[in-house]
Amino acid sequence: KRSPDPDVRMAQSEAAVQQYLDKHKVQALVEDAINDAVKQQADDPALHMARYLERAAGKVRITKVHARMILDSRGNPTVECDVTTSKGMYRAAVPSGASTGIYEAMELRDGVKEEYMGKGVSQAVANVNGVIGPALIGLDPTQQKEIDELMVQRLDGTKNEWGWCKKKLGANAILAASLAVCKAGADATGVPLYEHIARLAGNPTDKFFLPVPAFNVINGGSHAGNKLAMQEFMILPVGATSFAEALRMGTEVYHTLKAVIKAKYGQDATNVGDEGGFAPNIQDNAEGLELLTQAIKQAGFEGRLQIGMDVAASEFFTKGAEQPYDLNFKNSPNDGSAKLTPAALGELYAKFASDFAVCSIEDPFDQDDWQAYAELTAKMGDKVQIVGDDLLVTNPMRVAKAIELKACNALLLKVNQIGTVSESIEAVAMAKKAGWGVMTSHRSGETEDSFIADLAVGLGTGQIKTGAPC
């Protein structure tokens, strides 16, 4: 019963407040926050205390998951996913490639030719909203591995000879949720996304570094409508002293290259491919390297930029042929004069590395040509980075086989090849343990999601390729 006496009411109110403080140990929590701020000598005590108290609060839980279809940079449908927690909403989008390895985790496309040329993703979206989403409600987003395993092993459950293939729900559905959960987990722990990824990987968090960017400045292969067989010709500013300087060097060479191509082949030769690199109608791959060498020198960076190549050799490989690699595969009629054996193609790479400043060669052979990979790595691996993309598809089981066979010495990291953040982290850990390099990579069908920038920093990959500077 409420007392009519104001003094009594005040005493009752004070007692209720004290009871509440005692029950929830509020004073002790605040004192701990103050002590931690003093101990850490925080520049902003109030902000430090706020974050301390936030971490001390109840566990953050997933409250809603919703997916939708969006278009990627090539105008094809892909999956975007929002994961909502008690702290906020976190959005992620899935990229897709034009040149894809046959061992990649399986995207789920509708296959209805009358809609988006058969590339619709309405079923993948439905799988997020109807299967994955309900299963994630109430879960802690900081438990990335457990959530990824739930989606892959229990909700999907499909396997092939190389592990979990994600055929039932679709790798694009699973990855959309995995990426969004990772962002939610970072905010739940009160750290930047790159630091959260580092913690998930068990990496040190006291120091981070930015990767060397690889700029794809000449496009060929499946990324361009020219006659060039090899897919990407990149520049790597290895002599830069900072990321800012590397960015400037890459951009200046890119614009210089445009002028070089225009002067030699005309204005229409400066059209660009899927990833923003120029696509001059040349056929000789050495000519592409000559153009880069000229642009680097003309821009004033000779000796400070090196050249990388993504050959994407599976695109011009014919299984069972005596000379299975056809550098004239985009031309019709084709007289067969540009067909090569694995050994002859290996000799061509050796000549490229001898004649030009080539430091990295990606996918030099077909995704099943393990022997050719191993022979090239034994021959050139001490001087040139041999990168497995279609060969490895960011799959821990294929990485393990490549390590055993000494098939390459670097991993190309593409999260959508394997389908979850956790499996990507596992593949990188294996590669690093073997002494390999790691290059984080985008896809030719990209979105506005910048997740891979944090991934490269959090996992300390040291290299990243994201197309041309434009």
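In which helix is the place of Ala188? Ala188 sits in helix H6. The model is predicted. Its protein chain holds 15 helices and 15 strands. Of the 470 residues in the chain, 51% are buried.

**Overall build**
- Along the principal axes, the C-alpha atoms of the protein chain fill a box of roughly 105 × 50 × 45 Å.
- The chain exposes about 21400 Å². Carbon and sulfur atoms supply 51% of that area.
- Take the contacts in the chain with a separation of 6 or more: 64% of them are between residues 24 or more positions apart.

**Nonpolar cores**
- In soluble globular proteins, nonpolar side chains tend to be buried together.
- Here the largest nonpolar core has 103 residues. Those with the most contacts inside this core are Ile132, Leu136, Met230, Leu257, Tyr349 and Leu411.
- Helix H6 (residues 171-189) gives this core its largest share, 11 residues.
- Setting aside neighbours within four places in sequence, Leu257 is in contact with Val217, Ile218, Phe278, Leu291, Leu292 and Ala295.

- Ala188 has a relative accessibility of 17%. Ala188 counts as buried because that value is under 20%.
- Beyond neighbours within four places in sequence, Ala188 is in contact with Val60, Lys87, Pro141 and Thr142.
- Ala188 and Ala313 are 125 residues apart along the chain. Their C-alpha atoms are separated by 43 Å.

**Cavities**
- A search of the whole structure finds four cavities of 30 Å³ or more.
- The second largest cavity holds about 70 Å³ of space.
- Its lining consists of Ala93, Pro95, Leu179, Val415, Glu446, Thr447, Asp449, Phe451 and Ile452.
- By class, that lining has six nonpolar, one polar and two charged residues.

**Leu247 in helix H8**
- Leu247 is found in helix H8 (residues 243-265).
- Leu247 has a relative accessible area of 42%.
- The C-alpha atoms of Leu247 and Ile452 are separated by 17 Å. Along the chain, these two residues are 205 residues apart.
- Ile452 is also one of the residues lining the second largest cavity.

**Backbone features in loops**
- A cis peptide bond joins Ser332 and Pro333, with omega about 0 degrees. Pro333 lies in the loop between strand S9 (325-326) and strand S10 (339-340).
- Val393 is not a glycine, yet has a positive phi of about 45 degrees. Val393 is in the loop between strand S12 (385-388) and helix H12 (396-405).
- Lys406 also has a positive phi, near 55 degrees, in a residue other than glycine. Lys406 lies in the loop between H12 and strand S13 (410-413).
- Are these two residues buried or exposed? Val393 is buried because its relative accessible area, 0%, is under 20%. Lys406 counts as exposed because its relative accessibility, 63%, is over 50%.

Conventions. Residues numbered from 1 in each chain as written. Predicted model: local features only at pLDDT ≥ 70, side-chain atom pairs only at ≥ 80, totals over all residues. Heavy atoms only, no water. 1 Å grid on protein atoms, 1.4 Å probe; cavity = no way out; pocket = protein on both sides within 12 Å on 5 of 7 lines; lining within 4 Å. Points joined across faces, edges and corners; volume = space filled by probe spheres on them. Nonpolar A, V, L, I, M, F, W, Y, C, P; charged D, E, K, R; others polar. Helix = DSSP H or I, 4+ residues; strand = E, 2+ residues; numbered from the N terminus. Buried < 20%, exposed > 50% of the residue type's maximum accessible area, 1.4 Å probe, protein only. Contact = heavy atoms within 4.5 Å. Areas by Shrake-Rupley, 256 points an atom, 1.4 Å probe, with all protein chains shown as cover. Core = buried A, V, L, I, M, F, W, Y, C linked by side-chain atoms within 4.5 Å.
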